[in-house]
Amino acid sequence: MQVASVMGMLEARESAARMRVEELRAEAERVRAELAKAEAVLERRVVALTELAEALAADAVPQEPVRSAPVPVEVKEPVAGSVVPEWHDGVTAQVLAPEYRRLLDVVEAGGEGLRAKELAARLGLELVPAKVEGVRVKAKRLVARGWLAEERPGVFISDARRSE
């Protein structure tokens with residue numbers, strides 16, 4: 001008797017699986033039909049857009065090309081919080097915001113490498129973790145952009161390329 005009940009249980013599970021497969025097939029057929037309709041709409045719109053573009057191009061009158069007038073470039077003084085530009089030959093520290101110029105000056109005057117805490121002290125900042133970390137972040141940003149170098153981790157020096 002136990003074999004019969006196991007067999008009945010398996011037959012019931014098979015029947016449930018067959019029903020689920022049929023439901024999914026019906027759903028798939030519905031989705032395929034919807035997809036076919038959407039593709040037809042898309043095709044019509046692509047054709048319409050192509051036809052319109054061709055018609056407009058055929059009616060277009062060639063015009064003399066527009067020449068751009070030189071636009072005067074206004075050089076603005078960098079402000080606190082502005083982006084640190086990449087260093088390259090010919091660029092001066094004047095493109096840096098004032099707090100970055102001060103930091104650069106302190107490192108260049110320091111000679112040997114300086115740590116963030118020493119930099120903060122020489123900048124006249126309060127030696128609290130927040131201020132020291134702010135100096136470290138600025139110095140790392142200057143290193144990443146080529147304005148300073150890191151002699152060893154956490155020790156900032158003037159970049160030799162800039163002083164040549």
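**Figure 1. The largest pocket of the predicted model.** The largest pocket holds about 170 Å³ of space. A pocket is an open set of points on a 1 Å grid over the protein atoms alone, where a 1.4 Å probe fits, with protein on both sides within 12 Å along at least five of seven lines. Points are joined across faces, edges and corners, and the volume is the space filled by probe spheres set on them. This is a predicted model: local features need pLDDT of at least 70, side-chain atom pairs count only at pLDDT 80 or more, and totals for chains, interfaces and linings use all residues. Residues are numbered from 1 along each chain as its sequence is written, and side-chain values use heavy atoms, with hydrogens and water left out.

**Figure 2. Lining of the largest pocket.** The lining consists of E99, R102, L103, L123, L125, K131, G134, V135 and K138. Lining residues have an atom within 4 Å of a pocket point. Helices α2 (98-110) and α4 (129-144) are the elements that each give two or more residues. The largest share, four residues, is from α4. Helices are DSSP runs of H or I with at least four residues, and strands are runs of E with at least two, numbered from the N terminus. By class, the lining has four nonpolar, one polar and four charged residues. Here Ala, Val, Leu, Ile, Met, Phe, Trp, Tyr, Cys and Pro are nonpolar, Asp, Glu, Lys and Arg are charged, and the others, Gly among them, are polar.

**Figure 3. The largest nonpolar core.** This core has 22 residues, and L96, L103, L119, L142 and W147 touch the most other members. A nonpolar core is a set of buried Ala, Val, Leu, Ile, Met, Phe, Trp, Tyr and Cys residues joined through side-chain atoms within 4.5 Å. Buried means under 20% relative accessible area, with a 1.4 Å probe and protein chains only. Two or more residues each come from α2, α3 (116-122) and α4. Helix α2 gives the most, with five.

**Figure 4. Contacts of L103.** Leaving out residues up to four places away in sequence, L103 touches L119, L123, V135, K138, A139 and L142. Contact means heavy atoms within 4.5 Å. L103 also lines the largest pocket.

**Figure 5. R101 in helix α2.** R101 sits in helix α2. R101 is buried, at 16% relative accessible area. Its side chain reaches the backbone oxygen of Q94 at 3.3 Å.

**Figure 6. The protein chain.** The chain has five helices and two strands. From the N terminus, the order is α-α-α-α-β-β-α. Of its 164 residues, 18% count as buried.

Definitions and conventions
Buried means under 20% relative accessible area, exposed over 50%, partly exposed in between (1.4 Å probe, protein chains only). A polar contact is a pair of N or O atoms within 3.5 Å; within protein, one must be able to donate a hydrogen and the other to accept it, and residues adjacent in sequence count only if both atoms are side-chain atoms.
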